[in-house]
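Please keep the sequence and the coordinates at hand while reading.

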Amino acid sequence: MIIVMQKGASARQIANVTARVEQSGRQVHLSEGEERTIIGVVGDGRPLDRTQFEMMDGVEKIVPILSPYKLASRDFRPQDTLVKLNGMKAGGEQIIVMAGPCAVENREQLLTTAHAVKAAGATVLRGGAFKPRSSPYSFQGLGLEGLKLLAEARKETGLLVVTEVISPETVPLVSSYVDILQVGARNMQNFALLHAVGEAQKPVLLKRGMMSTMEELLMSAEYILSHGNDRVILCERGIRTFEPYTRNTLDINAVPMLKQLTHLPVFVDPSHGTGKWSLVGPVARAAIAAGADGLEIEVHPDPEQALSDGAQSLKPERFARLMEELRAVAAAVGRTL
Ligand code: PEP
Ligand code: MN
């Protein structure tokens, strides 16, 4: 449930309510809005006597949250969450574009791509160092060497860096090299990993599992939020359907649906969502028109030679042209890019 405090409730009144919740063995999560503070009460599901809270000074009302996710819900936080990414904010007016190769392959490949995507207007460089491949015989990523190259590209270009983390034990190592931790579709329900990134001091890009519902995605976000990390960005990257012409079916519905259900920013990955470079542009434009707060796009200087996901990677020139088109779409829906 949530305890909605009156407009202008004092810090002391909020502290009193918080203390009473904690005495009952539940956890408190505060959401401080411009007008009023909302106190989220998260516990083990045992019923709590509402009347004792209703009578406390400064309390306006008690509202049960009916969805299974609590901290991720709009009830808990009606206003959009702005996830700080250094000087930028995901979830606000500015659309954030994360671009780069599927996997970090070598220094030249990464730096060439980093400079190109920066020149085109991307603000975050993506690149996998630990790759969760469906086949054990496919390229698994450069590991630590890849992290070091990402850190070098970050230093050289000033771009922020996002990379995937695939195991709880490596969260501290990956966090020490990059700005944003990516939890991939295959790990969306790796609860030990969600716990670990929940304790990390970094923003998290949480990708929707290819066979997961939106509610399951929000429950995974809830794991991260409830472990103390409120910088969560959701990412729709396509789900499995009966349609074989595309790698996945990008669920465009998820963008406005998630925006209604949650206050968290929603990004779209049109590369994995389609699996074909020729579809990335149209679907990226659709995502922005539908209200996405950001995009994650694969770009490779030589897609034919890419060690992973070449078929869905844009060449830098195509990416630059797409960015121009995206600027126009963003302007049409009152956003900047
Ligand atoms: C990726 O971003 O390279 C990736 C593996 O994405 P997903 O987890 O969405 O498949
Ligand atoms: Mn990929």
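In this predicted model, D179 counts as buried because its relative accessibility is 7%, under the 20% cut-off. The residue sits in the loop that runs between α5 (171-175) and β10 (180-183).

**Surroundings of D179**

- The side chain of D179 makes a polar contact of 2.6 Å with the side chain of R154.
- A polar atom of the D179 side chain also lies 2.7 Å from the backbone nitrogen of V161.

**S167**

- S167 belongs to the loop between β9 (160-164) and α5, and with a relative accessible area of 15% S167 is buried.
- The side chains of S167 and T170 are joined by a polar contact of 2.8 Å.
- From C-alpha to C-alpha, S167 and G291 are 32 Å apart in space, while 124 residues separate them in sequence.

**Helix α10 against α11**

- Helix α10 (residues 277-289) packs on helix α11 (residues 316-332) at an angle of about 20°, with the two axes 9 Å apart, which makes α10 roughly parallel to α11.
- The crossing in which α10 passes α11 is right-handed, and the contact is made on the α10 side by W277, V280, G281, A284, R285, I288 and A289, and on the α11 side by R318, L322, E325, L326, V329 and A330.
- Sorted by class, the contact of α10 with α11 has nine nonpolar, one polar and three charged residues.

**Helix α3 against α11**

- The axes of helix α3 (residues 107-120) and α11 cross at roughly 25° and come within 9 Å, and that angle makes α3 roughly parallel to α11.
- Helix α3 passes α11 in a right-handed crossing, where A116, V117 and A120 of α3 meet P316, F319, A320, M323 and R327 of α11.
- By class, the contact of α3 with α11 has seven nonpolar residues, no polar residues and one charged residue.

Note on methods: Residues numbered from 1 in each chain as written. Chains lettered and ligands numbered in written order. Predicted model: local features only at pLDDT ≥ 70, side-chain atom pairs only at ≥ 80, totals over all residues. Heavy atoms only, no water. Axes fitted to C-alpha atoms, helices over the stretch in contact; angles between N-to-C directions. Helix = DSSP H or I, 4+ residues; strand = E, 2+ residues; numbered from the N terminus. Parallel < 35°, antiparallel > 145°, perpendicular 65-115°, else oblique. Left-handed = near helix turned anticlockwise from the far one by under 90°. Contact = heavy atoms within 4.5 Å. Nonpolar A, V, L, I, M, F, W, Y, C, P; charged D, E, K, R; others polar. Buried < 20%, exposed > 50% of the residue type's maximum accessible area, 1.4 Å probe, protein only. Polar contact = N/O pair within 3.5 Å; in protein donor to acceptor, adjacent residues only side chain to side chain.
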